[in-house]
Amino acid sequence: MRSEPTLFAGKDFVSPRAGRDCAADVYRQAGITDPRREIDAAELYVPFSWYEPMWLENLGFAEPGEGWKLTESGVTGLDGDLPVNMSGGVLSTNPIGASGLIRFAEAALQVRGQAGEHQVDGARKVLGHAYGGGSQFFAMWLVGSEPPGS
């Protein structure tokens, strides 16, 4: 988890530092050096469509200004290279307070092979992502079918 003030001079609302730092720490703990290649899918907290490319950049899946290309090209579709929000995500249901936990639960279902009709074949590492407040509180989990280093 990471947080930062709601407002401060120089705050980056498109790529909040707390999100970047949280992702970097999660990746470090899991031994991930290239999230785009090493993570199979992601359940991201995307309450509005433009947040998907924004978070893809913030979390290191795409370079700044390039996240939209992953979305537009189909990379983030259920049958894409990096499926995002296989469950439908927050855009399909957003029970405030539980939404972040649901992202984690969906990630866990994926690596357990129990996600039903939205199962990603071969999902071994899946990121769960949540944020709150004015993009100031971030929580992330990387769940895997095997322990780190296996």
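Helices here are DSSP runs of H or I with at least four residues, strands are runs of E with at least two, and both are numbered from the N terminus. What you see is a predicted model, where local features need pLDDT of at least 70, side-chain atom pairs count only at pLDDT 80 or more, and totals for chains, interfaces and linings use all residues. Residues are numbered from 1 along each chain as its sequence is written, and side-chain values use heavy atoms, with hydrogens and water left out.

I will turn to the salt bridges. A salt bridge is a side-chain nitrogen of Lys or Arg within 4 Å of a carboxyl oxygen of Asp or Glu. The structure has eight of them.

In one, Asp 21 meets Arg 17, at 3.1 Å from N to O. The two sit four residues apart in helix α1 (residues 17–30), so about one helical turn separates them.

Asp 25 pairs with Arg 28, with the closest N and O atoms 2.5 Å apart. Both are in helix α1, three residues apart. Which of these counts as buried, at 16% relative accessibility? That is Asp 25, buried meaning under 20% relative accessible area, exposed over 50%, and partly exposed in between, with a 1.4 Å probe and protein chains only. Arg 28 counts as exposed, at 59%.

Next, Asp 81 forms a salt bridge with Arg 36, the closest N and O atoms being 3.3 Å apart. This pair links distant parts of the chain, 45 residues apart: Asp 81 is in the loop between α4 (67–72) and α5 (89–92), and Arg 36 is in helix α2 (residues 35–38). Asp 81 is exposed, at 54%, while Arg 36 is buried, at 13%.
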